[in-house]
Amino acid sequence: EENHNDAVAEGVKYLLYVEILRLGKKFIADGKVDFDERRILNAMHSTYHNGLSGNGDLDNIMEAVNDLPLK
């Protein structure tokens, strides 16, 4: 059971990573982000980074997204 839970958590971590990366790149390419999109992306990143012990690979993307003007 513990190995199964670890595998599920690891899978969720990678799904969040891919989605945060995809959305972050999209918003950066668009040059803007709306408030709700940014809020949700930050919540996803917090879960990935803090809750699932993700590494810092997405920190630069998140910094760039958070610096974007709001649409």
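Contact is taken as heavy atoms within 4.5 Å. The model is predicted, with local features requiring pLDDT of at least 70 and side-chain atom pairs counted only at pLDDT 80 or more, while totals for chains, interfaces and linings use all residues. Residues are numbered from 1 along each chain as its sequence is written, and side-chain values use heavy atoms, with hydrogens and water left out.

H45 lies in helix α2; helices are DSSP runs (H or I, at least four residues) numbered from the N terminus. At 10% relative accessibility, H45 is classed as buried, where buried means under 20% relative accessible area, exposed over 50% and partly exposed in between (1.4 Å probe, protein chains only). Leaving aside residues up to four places away in sequence, H45 touches I20, N50, L58, D59 and M62. The side chains of H45 and D59 form a polar contact of 3.2 Å, that is, a pair of N or O atoms within 3.5 Å, of which, within protein, one must be able to donate a hydrogen and the other to accept it, with residues adjacent in sequence counting only if both atoms are side-chain atoms.

H49 is also placed in helix α2 but is partly exposed, at 26% relative accessible area. The side chain of H49 makes a polar contact of 3.2 Å with that of N50.

In helix α3 (residues 59-67), I61, M62 and V65 are buried. These residues fall within an arc of 95° seen down the axis (directions from the helix axis to the C-beta atoms), so they line one face of the helix. Their cover includes α1 (2-30) and α2 (35-51).

Notes: Helix = DSSP H or I, 4+ residues; strand = E, 2+ residues; numbered from the N terminus.
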